[in-house]
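I opened this notebook to keep track of what I looked up, one topic per entry. The structure is shown first, and my entries follow.

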Amino acid sequence: MGSKEALEIVVNGESRELAVDPGRTLLDLLRDDLGLTGTKRGCDDASCGACTVLVDGRPHLACIALALCHDGSRVLTIEGASPPEGVHAIQTALVDGGGLQCGYCTPGIVLAARALLDRIPNPTPGDVREGISNNLCRCTGYERIIGAVLSALPHLTPLPAGRETPGESRS
Amino acid sequence: MKNPAEPSDRSAASTGGRSGAHTPLMDGLERATGRKLYVEDLRLPGMIHARFLRSPHPHAQVLSIDASAALDVPGVRAIITGKDTPRRYGVLPVGMDETALAVDKVRYVGQEVAAVAASSEEAAERALEMIRVEYSLLPAWLSAASAMGARSDWIHESKARNLDREYHHSFGDPGRGFAEADVIVEDSFFHPRVTHAAMEPHGTVARHEGGDRWTLWTSTQTPRHVQRGIAQALGVSEAGIRVIPCAVGGGFGGKSETFPQDVAAAILSRSTGCPVRMRLTREEVFGLHRGRPENHIHMRLGMLADGKITAVECETIQDGGAFSGYGAATILYSGALLAAIYDISNMKFDGYRVLTNKPACGPMRGHGTIAARHAFESLLDRAAAELGVDPAEVRRRNLLRPGTRTVNDLRVTSYGFPECMERVLEASGWREKRGRLPPGRGIGIAGSHYVSGASNSILRGDFPHSTVLLVADRDGSVTLFSGAAEIGQGCDTALALIAADTLGLPADAIRVVSGDTGVTPLDLGSYSSRVTFMTGNAVLEASRSLGRAILEHASRHLGLPPDDLELRDGTARSKSRADVSMPFIEALRLGVEAEGALVAKGTYRPPPEARGGNFPGAGVGPGVSYSYSAQVVEVSVDLETGEVRVEKVWAAHDCGKAINPLAVRGQVEGSVWMGLAQALAEEVRFSPGGQILNAGLLEYRVPTAADAPPIEVFIVESLDPEGPRGAKEAGEGSVAAVIPALTNAIYDAAGVWITELPVTPARVLAALEEKAIREQRAALERVAAAT
């Protein structure tokens, strides 16, 4: 156990200055230090994707990410993924289309899907399949998740040209 | 019967609100936004953390445990060992062979030996390293065969030759059945141990409330079984134990009993005065297991030339791991549910559940039926092949009829299996495809079924298996108190739909409080696919009773007899006079003003005639009803590499009546998917020393989205005469069929029978090679005979 080091990180748009143990994972930081328990722990070894968060707009597995390695990063968790006035179209589509049952994998899937849509605004079913293939779901058989993501597309606001914070710009 | 179409416009459907309408799960948005609290998300003031020290040996005497150095580790608050957990518990009354921490000996690698509570998990883990345990190794029994051959050093002294349970059943006259048969087929089958791998690892937070009272937040499907197990393990009365299941992140059977972390956290909370959290790592969840046992089956099937089954005989050996758990039920289901899907007059079953030095097995989706169904449906196809009859036709010739009592005393009240078959045969293009696809491509069919709620309770005694309360109050709220646990299967939503329909309200007008043993009446919980049928019937009774009470108050106000009134569209209205009505809330308020909050109770008790026969082991197998599934699988088999690719699955499920078609479809798709994963990939493997080799989700090969084949689901509604609105279960009956449908399709594609799971390329290649050798030998023999 080393002494704590300073970490500056933006979480869901809010700047944080924290003293962090060098061995602390981003997952523990989010869940235990910041109380953001929407990010789930399913495996601790980067095999399930339940802890997926967006770091500078790209999906990262928080369970194997050391918090200190993300000094200066912008992190988006499920708590920041919904616009304040409601929920993201992907979330609504997952619920309405049966793309979730127990819901434990869902926060990770929502963020993986957002990252995918930021990268490929009009994905094919194959793109979605690949985009969520790091996220395990034991309940659904995946087809409804893929269908839900695709059905959310018409309800997403197009990304304005030139925006540089893709993970947080669409709603 | 009709097949509710899936609405294409999901936004319009999202309002749902009536039985039979596509209804999103009522807590879906809470789950999708990360707001729903699972056990691991709880943060109680003063909460501390605990970790287990686990056995490195599969079988050993524990000679001594020295925890003195560990107690000095900063942050450590308490350490307990087997001396602190002497009381035995177990989910079945015939089991009761577990203690939370090993007492005197360890029985598998990973068994809990000591538990440390500390200010942090890290501190607890540092302390674990300081605990010194002295073991004296015993011979380890790591296979069913070696365990049954053991002459001494049995895993439990009372279980000679490590035989946990054995059952020998014979119904009708199997000898005569086989004597009459025109064709007899038989084979041996192997199914490895597989596990649930629910996405949420198990966890517990226990808080000692003083005296003999505790509150436990734990990830469980069966809060009442945990309450009872904790009470047994602590030697206190059940009434002092309150179990709250929180949100459960998937169960599949793996969260259906009391676990060591529940007991240890409770004891540590008492010793420290703090709430104690224990959360398992993924590796520990694999070690906890309670999933399917390894099955060794030998089965024989006799058939007349016209395809009629004359007899079936099955020997099953299950390698059940170190404790009894649900094992008696697992082995009995394997035998009993040979019946109740086809008409079979003669049946023999010999079942052995064997103890081994591995993590204990238990119930997993399709409990006990998966391996036996694979064997049976494979032999059906094999007999069909020998007779030159279409596999679908062979199944048609052995159908049951609703209103049947099977030879082993199972009662079939509704039977949508024939329609399930016809649906998938038609949709898949069976007639055009079977036997007509090019080499390497094939199509196969199989059926399966499952109890829609076990008729006999684990708890002995004649009492309702479900009791619910409905409370309607002045603010217009209607709250349903149900002990069934919402584990993502959608039971809160289904129960709300049943109540809402009866009261003429939209589903979201019903608030559901579920699972908490401190505030809900007795319900046996979310296992054996019982909730829709049993708790649903209790809700139906309670909501009818509440509705009658409200109408009586409305009747006084409206001046019409209660019989002329009904609850519809949020009003109490006259059936005879369209202009006479009053809002529901006003009728409710009249009632509350007269007598306070309106409270209605509903119960469900399985009828005596559904409880099965009178022979040892007759208690397992009887269901209050049965669901049915027929599935067609189309595959491609690469004849060079042995690789199998599932092109499509057509699955029809008879759920009686779809209370919520969206949830039914989700359950059936999930079942098919889980069955396919078992068929193609999954297996818990052990080192020669009894350690799990693949205790991780990647290593275990839980399939990903990249592996998902299209699954087309058909809902068949046979309207069970006793189910609520005709409903039966949807979550388990479709797991089994997909496995034999797949292997039967492989036969159609490549001419080989796969009898061992998982269906790896190596197994397919070996079968192809064996077939080639057999054919060459036959050719040589023909040449030799001719010369």
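In which sense do strand 27 and strand 28 of chain B pair, and over how many bridges? I looked this up first, keeping in mind that the model is a predicted one. Strand 27 of chain B, which covers residues 644-654, pairs with strand 28 of chain B in the parallel sense, and the pairing runs over six bridges. Within this pair I noted that B:Val649 has B:Ile711 of strand 28 of chain B standing opposite.

Entry on the sheet. I then turned to the sheet that holds these strands, which is open, has four strands in the order 18-26-27-28 of chain B, and shows mixed pairing. Strand 18 (441-451) and strand 28 (711-716) of chain B each have a single partner strand and stand at the edges, so each of them has one side left without a neighbour in the sheet. For the twist I recorded an average of 15° from one strand to the next.

Entry on the core. I looked up the largest nonpolar core, which has 302 residues, and wrote down the members that touch the most others, namely B:Ala114, B:Val116, B:Ala264, B:Leu742 and B:Ile746. Helix 16 of chain B (residues 531-558) gives this core its largest share, with 13 residues.

Entry on the contact between chains. I noted that 43 residues of chain A and 47 residues of chain B take part in the contact. On the side of chain B that touches chain A, the elements giving two or more residues are helix 1 (10-13), helix 2 (28-32), helix 18 (661-680) and helix 19 (697-700) of chain B. Helix 18 of chain B supplies the largest share of that side, seven residues. Sorted by class, the side of chain B that touches chain A comprises 23 nonpolar, 14 polar and ten charged residues.

Entry on one loop residue. Is B:Leu400 buried or partly exposed? I placed B:Leu400 in the loop between helix 12 (391-396) and strand 16 (404-405) of chain B. B:Leu400 has 19 C-beta neighbours inside 10 Å and therefore counts as partly exposed, since a buried residue needs 20 or more. Apart from neighbours within four places in sequence, B:Leu400 is in contact with B:Tyr342, B:Asp343, B:Val412 and B:Tyr415. I also noted that B:Val412 lies twelve residues from B:Leu400 along the chain, with 8.5 Å separating their C-alpha atoms.

Notes: Residues are numbered from 1 along each chain as its sequence is written. Chains are lettered from A and ligands numbered from 1 in the order in which they are written. This is a predicted model: local features need pLDDT of at least 70, side-chain atom pairs count only at pLDDT 80 or more; totals for chains, interfaces and linings use all residues. A nonpolar core is a set of buried Ala, Val, Leu, Ile, Met, Phe, Trp, Tyr and Cys residues joined through C-beta atoms within 7 Å. A residue is buried if 20 or more other C-beta atoms lie within 10 Å of its own, exposed if 12 or fewer, and partly exposed in between; C-beta atoms are placed from the backbone. Two residues are in contact if their C-beta atoms, placed from the backbone, lie within 7 Å. Ala, Val, Leu, Ile, Met, Phe, Trp, Tyr, Cys and Pro count as nonpolar, Asp, Glu, Lys and Arg as charged, and the others, Gly among them, as polar. Two strands pair if DSSP finds at least two bridges between them. Axes are lines fitted to C-alpha atoms, for helices over the stretch in contact, and angles run from 0 to 180 degrees between N-to-C directions.
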